[in-house]
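Here are my notes for a first look through this one. Have the viewer open as you read.

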Amino acid sequence: MKIAIVDAKRLEEKLIQQLQRVNTTANDFVTNQVHAYEGPFSDVLKRNITVAQQTGLPLCQDTGMVEFFVFAGYNIVFSEPLEEILNNAVKKVYSSNPFRYSVVSEPLYERKNTHDNTPAIVHLFHTRREDVEVRFLVKGGGSENLTKLFMASPSANVHEIIELVVNHIKEHGAKGCPPLNVGIGMGGSADKAVVLSKLALTKSFDETNEDSRYAQLEDEIYQRLNELKIGFQGLFVGPTVYSVHVEYAPTHIANLPIAVSVDCYLCRKGVVRIEPHATQDL
Amino acid sequence: MNLTQLKIFERVDYTGEFLIMRDAAQKRIETLLRKNQSLPFSLSNQIVFYAGPTKSSNNRVAIGPTTSERMDRYLKMLFELGVIATVGKGKRTEMARELCRQYRRLYFVAPSGAAAALSEHLRKLEIIAFEDLGPEAVYRVQVENFPLIVATDFDGNDIFSVGSYRF
């Protein structure tokens, strides 16, 4: 068996570049959506994309608690501990840019700011791939507060599940800076469903589920959510959601976990891929 | 700006002053009041902007509203301290709308996720209290033509209750 080695410095550099980019440059999809929008505050949203690009100020003051999803070949080792690489990248980007330190070290008592926006949240998945893919979300706390877990009845039908999601977005969607991207995790355990819902948010806008039944479900929920007319800024004009993605997993006979996560209209997400720089025989 | 005449859905480009504070600062104010201690600044006749700025670059910071609903638990306290209006984002609770009506106070929404553009409307920004809270400290800021929309007016009318396009 061969061990493949990924260079920590090279991975860190790529991450730094992408983390800075997503915070200050709107992607093409978002830019087109904002340019097509004519409604309350549309002048400010259009101007925002230009000013962020020109000044290096972030598109949103909530520059997030960064969440990483790392897919690595099972025989890959990193030249430094993975979490250290990811946290170093975050630390460097957030301390050298006019971003906000939005992380506190402990949730309940002191809530002291860590003053470098670390730690990031890290999920690691071992696969049979030969390289490493790091997906990440830069998502604000406002949209994170809209995350919801339903432990539905295993005998619930499709329509009941659709209603759960639609009612949740109807009640709370306006608080997450719509138009939203909606990620739905189904199955697994409670915690697995929530991770799947986040993974669903890392998919590209036009990707549809490989299983045609789930693809149809994504489309149906997408149509229903846009009928809510929540609109840009929650002020009733324009689309309510950009996309709906489902990720599912096997689950227990007694369970049907349904997790909903949302991302805001800026969709600050990225993907970094890196090849091992050396291999070594075991 | 004559606050009494503003109606919901109205766009206002506001020039004047905001006090910036969010969750942690208001929690601290509540604690100080409970211990009968005095506040290090006055809230009388102030407009409170629920926000937390970024760090600065070339003397500019990015700023934007945070979710107002989280601040509803402190709204009565702010009105009792003399705050005349609040600025944030999103729908608030029924209790907040009722407080606006009862105290005859306004709630504005500011554009969310537009922090770079809003930086152009900031003039002087200074920390006035609770510096240890970092981005959650209390700041005073002078703003020029800062874009706002009236979300709840003096009569407790609320755009999120109307729930449809009225611009």
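The points below go from chain A as a whole to a few local details in chains A and B.

1. Before anything else, keep in mind that this is a predicted model. Local features are discussed where pLDDT is at least 70.

2. Start with the overall make-up of chain A, which has eight helices and eleven strands. Its radius of gyration is 20 Å, close to the 19 Å that the globule rule gives for 282 residues, so chain A is as compact as a globular protein of that length.

3. How much of chain A is buried? Of its 282 residues, 45% count as buried.

4. Now find helices α2 (residues 28-36) and α3 (residues 42-55) of chain A. Two packed helices are described by the angle between their axes and the distance between the axes. For this pair, the axes come within 9 Å and cross at roughly 145 degrees. The crossing of α2(A) and α3(A) is left-handed.

5. Which residues make that contact? On the α2(A) side look for T31(A), V34(A) and H35(A), and on the α3(A) side for L45(A), K46(A) and I49(A). Sorted by class, the contact has three nonpolar, two polar and one charged residues.

6. Chain A also has an open sheet of three strands, in the order β3-β1-β11, with mixed pairing. At its edges are β3 (76-78) and β11 (278-281), each pairing on one side only. From one strand to the next, the twist averages 30 degrees.

7. Within that sheet, zoom in on strand β1 (residues 2-6) of chain A. Three bridges join β1 to β3(A), and the two run parallel. A handy landmark is V6(A), which stands opposite F78(A) in β3(A).

8. Over in chain B, strand β3 (residues 85-88) is joined by four bridges to β4(B), and these two run parallel. Here T86(B) stands opposite Y107(B) in β4(B).

9. Stay on β4 (residues 106-109) of chain B for the side chains. In a regular strand the side chains alternate between the two faces of the sheet. Accordingly, L106(B) and F108(B) point one way, while Y107(B) and V109(B) point the other way. Are these four buried or exposed? All of L106(B), Y107(B), F108(B) and V109(B) are buried.

Technical notes
Residues are numbered from 1 along each chain as its sequence is written. Chains are lettered from A and ligands numbered from 1 in the order in which they are written. This is a predicted model: local features need pLDDT of at least 70, side-chain atom pairs count only at pLDDT 80 or more; totals for chains, interfaces and linings use all residues. Axes are lines fitted to C-alpha atoms, for helices over the stretch in contact, and angles run from 0 to 180 degrees between N-to-C directions. A crossing is left-handed if the near helix is turned anticlockwise from the far one by less than a right angle, and right-handed if clockwise. Two residues are in contact if their C-beta atoms, placed from the backbone, lie within 7 Å. Ala, Val, Leu, Ile, Met, Phe, Trp, Tyr, Cys and Pro count as nonpolar, Asp, Glu, Lys and Arg as charged, and the others, Gly among them, as polar. Two strands pair if DSSP finds at least two bridges between them. The radius of gyration is taken over C-alpha atoms; the globule rule is 2.2 Å times the number of residues to the power 0.38. A residue is buried if 20 or more other C-beta atoms lie within 10 Å of its own, exposed if 12 or fewer, and partly exposed in between; C-beta atoms are placed from the backbone.
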